[in-house]
Amino acid sequence: MFMDDSWLKLENQICFPIYSTSRLITKAYKPFLEKMGLTYPQYLVLLVLWENDGLSVNKIADRLLLNTNTLSPLLKRMEKMELLIRRRSDKDERSVMVQLTDKGKQLKHEARPIPEKLLSSLLSENIELSDVLQLKEMLNEWIKVLSKKTQNID
């Protein structure tokens with residue numbers, strides 16, 4: 001089934017449209033986030049903490065599907081920006097807890113309109129809200145499947 005070279009063409013790759021769409025969506029976020037002085041990865045960390053403040057670095061990494069060695073420098077920069085504070089856990093000294101500062105909490109108000117604005121930019125005469133929601137559900141399923149299959153690859 002996969003033996004011929006047509007599977008090696010870019011146009012036949014499943015990953016390329018997903019990769020390209022991800023990059024373009026991240027680019028669409030840029031004007032909104034620049035006004036707040038944030039990068040897209042910083043915004044993702046804030047989304048996690050706005051939902052559940054006071055998480056460990058490991059829990060944030062799990063939620064964002066990142067390695068802690070990728071997340072730690074990002075958190076360090078955000079701490080310098082006074083958006084959050086990192087502290088060793090009282091219960092387990094090996095664990096680092098992350099807490100939003102008042103400045104980090106206040107950014108939530110500025111960020112409120114972003115999802116709706118971004119979503120409206122995705123809609124067109126060929127793409128309806130139901131299409132976007134269906135795609136999101138499918139991608140979430142892929143994330144579950146691929147997370148299990150790639151768990152021990154890193």
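Predicted model: local features only at pLDDT ≥ 70, side-chain atom pairs only at ≥ 80, totals over all residues.
Residues are numbered from 1 along each chain as its sequence is written, and side-chain values use heavy atoms, with hydrogens and water left out.

1. Glu93 counts as exposed, at 65% relative accessibility; here exposed means over 50% relative accessible area, buried under 20%, and partly exposed in between, using a 1.4 Å probe and protein chains only. The C-alpha atoms of Glu93 and Leu83 are separated by 23 Å, with the two residues 10 apart along the chain.

2. The strands. Helices (H or I, at least four residues) and strands (E, at least two) are DSSP runs, numbered from the N terminus. Two strands pair if DSSP finds at least two bridges between them. Strand β2 (residues 84–88) is joined to β3 by five bridges, and they run antiparallel; in this pairing Arg88 stands opposite Val96 in β3. Strand β3 (residues 96–100) is also joined to strand β1 (residues 55–56), by two bridges, again antiparallel. There, Ser56 faces Met97 as its opposite number in β3.

3. Two backbone angles to look at. Most residues other than glycine have a negative phi. Leu65 is not a glycine, yet has a positive phi of about 55°. This residue, Leu65, lies in the loop between α3 (57–64) and α4 (68–80), and is exposed, with a relative accessible area of 56%. Glu82 also is not a glycine and has a positive phi, of about 65°. Glu82 belongs to the loop between α4 and β2 and is exposed too, at a relative accessible area of 52%.

4. Packing of α3 on α4. The axes of these two helices come within 10 Å and cross at roughly 110°, where axes are lines fitted to C-alpha atoms, for helices over the stretch in contact, and angles run from 0 to 180 degrees between N-to-C directions. That makes α3 roughly perpendicular to α4 (65 to 115 degrees; under 35 is roughly parallel, over 145 roughly antiparallel, and the rest oblique). On the contact side (heavy atoms within 4.5 Å), Val57, Asn58, Ile60 and Ala61 in α3 meet Thr68, Leu71, Ser72 and Leu75 in α4.

5. The aromatic rings. A search of the whole structure finds four aromatic pairs. Rings of Phe, Tyr and Trp (its six-membered ring) pair if their centres lie within 6.5 Å; planes under 30 degrees apart are stacked, over 60 edge-to-face, and the rest tilted. One of the pairs is Tyr29 with Tyr40, tilted, at 5.0 Å centre to centre and 45° between the planes. Tyr29 lies in helix α1 (residues 15–36) and Tyr40 in helix α2 (residues 40–51), so the pair ties together parts that are 11 residues apart in sequence. Tyr40 and Tyr43 form another tilted pair, at 6.4 Å centre to centre and 40° between the planes.

6. Burial in the ring cluster. Ring pairs link Tyr29, Tyr40, Tyr43 and Trp50 into a cluster. Tyr43 is buried, at 2% relative accessibility, and Tyr29 is buried at 12% relative accessible area, whereas Tyr40 is partly exposed at 23%.
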